[in-house]
Amino acid sequence: LCAAAAHARTEDSDAAHEEVTRLFAQGFSVDGREVHAEVKCGVAYYPEDGQEASLLVQKAEAALKEARSSGERYLHHRMEMNSALARRVGMEQRLRSALANGQFQLYYQPKVTLRTGKVASVEALLRWQDPQNGLIPPGEFLPLLETAGLMQATGFWVVKQAIADCRDWRRKGMPPLRIAVNISPPELRQRNVARDILEAMGDLSGNADWGIDIEITEGALSGDFSSCVHALRLLRAAGLKVAIDDFGTGFSSLGRLSELPIDTLKIDRMFTTRLPADPNSCTLVATIIGLAHAFDMTTVAEGVEKQEQLDHLLRAGCDAAQGYFHSRPLPKSLFEKWLLRFSSAAARTDTSSILG
Ligand code: C2E
Ligand code: MG
Ligand code: MG
């Protein structure tokens, strides 16, 4: 239960709120059943916080939003809240036109197969070129896309752009490369998600060398996930690989894992970062690799930044690595240059090892 209240501050204001909180501390009886309701209040005072009703309500709502996310029961509006909220609302409005105005971009980060030292595939990572604030990483705008209801449309743009880039690389005669695209839980739950992706793939569907793969989070498979599993099966039947992103942070049920149509577990950066010094992380990484292999899945370690992490992962039997050690995510043209340099360096290493 949430309430935003705007009123004049009186001697009794705080006492009144304490009374509200106390009232909700007890359960209610509804049709003979005991129901517990928690109340959260966001409060703005007249006239300190504003002279006009609409402004006061807006500020009270800002305080309420903050109360919801911070876990506080009762919060009075503060200046900083307003500026944070104003920034959010402003960003949400600008995001609405970002798609139409071509402000989204895909950056690419390679995944390197540890056994061969070759680039196995590449992950597409979304960036927003905001005219007002410059290049914005997805952590800052994905939640807003979701609350603004723009996630599906943007997600489909990502799929189409990745496919277009893939075709472009094939046309240019680059070595075969698959692009992994992140699919958010609301996208995966759409009714025709598999059909839409396969339609966009066109003749690339069924091609083992070129095409897109998908990365989903453990959260996408919680709750009622039968429709998602159906979509994943359709995609896999067309040759797309499915990876679970940030694996190890979402408490996947092991029972489910064995039933799911999954090809790869991506070991979360949190564990990779602590290699090789932290024994718990070493154990967790070894366990995830063992689990994956036992179920015929491969592993990719995320966030590999150092040689010693790479060495440890190689010894532990991890299949691939992704991280700043090899390359940061790069815009398409820079990634192409990086790949050329990396491939020729790898070829030189190969020949020198053959030559002894
Ligand atoms: P993710 O899919 O787990 O992607 C890996 C993130 O780790 C990327 O952050 C990447 O830049 C970062 N990273 C890679 N290597 C390193 C490293 O060595 N050190 C450090 N510190 N970081 C590294 P980014 O690009 O900011 O993306 C964050 C998250 O946003 C992604 O996590 C993914 O969950 C989501 N995301 C990105 N693009 C999309 C998209 O197109 N659609 C959806 N639904 N989500 C996306
Ligand atoms: Mg990912
Ligand atoms: Mg990840």
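**View 1. The magnesium ion (ligand 3) and its donors.** Along the chain, the donors of this ion are spaced D-D-x55-E. They are Asp245 (OD), Asp246 (OD), Glu302 (OE) and Glu302 (OE), at 2.0 to 2.7 Å from the magnesium ion (ligand 3). Donors are N, O and S atoms within 2.8 Å of the metal (3.2 Å for Na, K and Ca); water is not among the atoms, so sites may look incomplete. This is a predicted model: local features need pLDDT of at least 70, side-chain atom pairs count only at pLDDT 80 or more, and totals for chains, interfaces and linings use all residues. Residues are numbered from 1 along each chain as written, chains are lettered from A and ligands numbered from 1 in the order written, and side-chain values use heavy atoms, without hydrogens and water.

View 2. Asp245 bridges the magnesium ion (ligand 3) and the magnesium ion (ligand 2), 4.4 Å apart. Asp245 is buried, at 7% relative accessibility. Asp246 is partly exposed, at 28%. Buried means under 20% relative accessible area, exposed over 50%, partly exposed in between (1.4 Å probe, protein chains only).

**View 3. The magnesium ion (ligand 2) and its donors.** Glu123 (OE), Asn182 (OD1), Glu215 (OE) and Asp245 (OD) are its protein donors, at 2.0 to 2.3 Å. Their sequence spacing is E-x58-N-x32-E-x29-D. Distant parts of the chain are linked here: Glu123 is in strand E7 (residues 119–130) and Glu215 in strand E10 (residues 211–217), 92 residues apart. Strands (E, at least two residues) and helices (H or I, at least four) are DSSP runs, numbered from the N terminus. Both Glu123 and Glu215 are buried.

**View 4. Gln309 in helix H12.** Helix H12 (residues 307–316) holds Gln309. Gln309 is buried, with a relative accessible area of 3%.
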